[in-house]
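Subject: A structure for you to explore

Hello,

I am passing a protein structure on to you, with some notes on what I found in it. Please open it beside this email and follow along.

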Amino acid sequence: NDLKILEILAGQLDTSLKNAELYERATVDGLTRLYLRRYFEQKLEENLLEAHKAHQPISLLILDLDHFKHTNDTYGHQAGDAVLRILGRLLKKCVRPATDTVARYGGEEFTVILPRADAPLATKVADRIIKAVGGEEFAIGDGQTIRKTISVGIATVPPGEPESKARLIKKADYALYEAKGTGRNRMVHWSEELLQKLRRDARASARHPAVGSQPTSSAEIDSL
């Protein structure tokens with residue numbers, strides 16, 4: 001009987017381990033060991049609902065490695081992978097492990113959900129990340145190291161204010177685009193001033209479309 005019980009327990013443990021492995025594969029990026037985009041979007045939805053119910057702020061960071069294509073083109077994709085792997089570790093060290101969610105959004109773009117974080121706290125975390133990345137010597141193999149920088153877009157939802165997942169992502173993404181367009185290696189926070197600038201740019205683009213510019217419409221900007 002004891003042997004039978006042990007066999008049953010062993011089978012249950014094996015099944016649990018396999019399920020855990022499958023869950024990790026479905027939610028965690030194999031290269032950076034950060035959460036995947038699907039998990040991030042689900043978590044952001046949950047955190048937004050919780051923040052609204054608890055009347056607490058919540059912030060979102062969208063980050064993009066500067067000139068990452070140049071890294072791949074110059075040193076090869078294995079070097080690029082090494083940079084992303086190290087970046088994954090750096091990002092985890094810069095956030096609160098018990099509450100924050102760090103994810104690989106796609107390519108060299110990453111996201112950080114900061115529950116209960118107002119604008120000053122989100123700015124502090126973004127600054128910590130920028131300094132950590134800028135101060136790191138990224139080992140890319142064969143004894144070579146390179147330096148990298150990162151740009152950050154920040155969007156914050158004040159306590160009690162309703163906000164959708166799509167709108168918050170769009171706000172942080174526009175803030176990131178502004179950071180990239182005004183020098184890189186910096187952060188930009190979504191604000192009323194940025195909204196007004198985007199409206200002016202959208203009107204100007206409608207009159208004089210520029211090749212290679214970010215496609216924006218007045219309707220899209222007005223929805224933010």
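At roughly what angle do the axes of helix H6 (residues 165–181) and helix H7 (residues 192–207) cross? They cross at roughly 75°, and the two axes come within 11 Å. Axes here are lines fitted to C-alpha atoms, for helices over the stretch in contact, and angles run from 0 to 180 degrees between N-to-C directions. H6 and H7 are therefore roughly perpendicular to each other (under 35 degrees counts as roughly parallel, over 145 as roughly antiparallel, 65 to 115 as roughly perpendicular and the rest as oblique). On the H6 side the contact (heavy atoms within 4.5 Å) is made by Tyr174, Ala175 and Glu178, and on the H7 side by Leu194, Lys197 and Leu198. These residues divide into 4 nonpolar, no polar and 2 charged (Ala, Val, Leu, Ile, Met, Phe, Trp, Tyr, Cys and Pro count as nonpolar, Asp, Glu, Lys and Arg as charged, and the others, Gly among them, as polar).

Before we go on, a word on where this comes from. The model is predicted: local features need pLDDT of at least 70 and side-chain atom pairs count only at pLDDT 80 or more, while totals for chains, interfaces and linings use all residues. Residues are numbered from 1 along each chain as its sequence is written, and side-chain values use heavy atoms, with hydrogens and water left out.

**The overall picture**

The protein has 8 helices and 7 strands. Helices (H or I, at least four residues) and strands (E, at least two) are DSSP runs, numbered from the N terminus. Of its 224 residues, 39% count as buried (under 20% relative accessible area, with exposed over 50% and partly exposed in between, using a 1.4 Å probe and protein chains only). Among contacts between residues at least 6 apart in sequence, 67% join residues at least 24 apart.

**The sheet**

Which order do the strands of the open sheet follow? The order of its 5 strands is E2-E3-E1-E6-E7, with mixed pairing (two strands pair if DSSP finds at least two bridges between them). Strand E2 (101–106) and strand E7 (187–189) stand at the edges with a single partner strand each, so one side of each has no neighbour in the sheet. On average, neighbouring strands are turned by 20° against each other, direction ignored.

Now walk across the sheet. E1 and E3 pair in the antiparallel sense over 7 bridges, and leucine 60 has isoleucine 113 in E3 as its bridge partner. H6 packs on the sheet, touching E1, E2, E3, E6 and E7, and its direction makes about 145° with that of E6. E1 and E6 are also antiparallel, over 8 bridges, with leucine 63 opposite valine 152 in E6. E6 and E7 pair in the parallel sense over 3 bridges, and here valine 152 stands opposite methionine 187 in E7. E6 is mostly covered, as 7 of its 8 residues are buried.

**The cores**

The largest nonpolar core has 32 residues, and Leu61, Leu63 and Ile129 have the most contacts inside it. Such a core is a set of buried Ala, Val, Leu, Ile, Met, Phe, Trp, Tyr and Cys residues joined through side-chain atoms within 4.5 Å. Which element gives the most to this core? H4 does, with 7 residues. Apart from this core lies another, of 27 residues, among them Phe40, Tyr105, Ile113 and Ala202.

Phenylalanine 138 and arginine 85 are 53 residues apart along the chain, with their C-alpha atoms separated by 9.7 Å.

Isoleucine 146 belongs to strand E5 (residues 144–146). Is isoleucine 146 buried or exposed? At 9% relative accessibility, isoleucine 146 counts as buried. Among the residues that isoleucine 146 touches are Thr71, Tyr75 and Val83.

**One more helix pair**

The axes of helix H3 (residues 68–75) and H4 come within 6 Å and cross at roughly 135°, which makes H3 oblique to H4. Phe68, Thr71, Asn72 and Tyr75 in H3 meet His77, Ala79, Gly80, Val83 and Leu84 in H4.

Enjoy exploring!

How values were computed:
Lists of a residue's contacts leave out its neighbours within four places in sequence.
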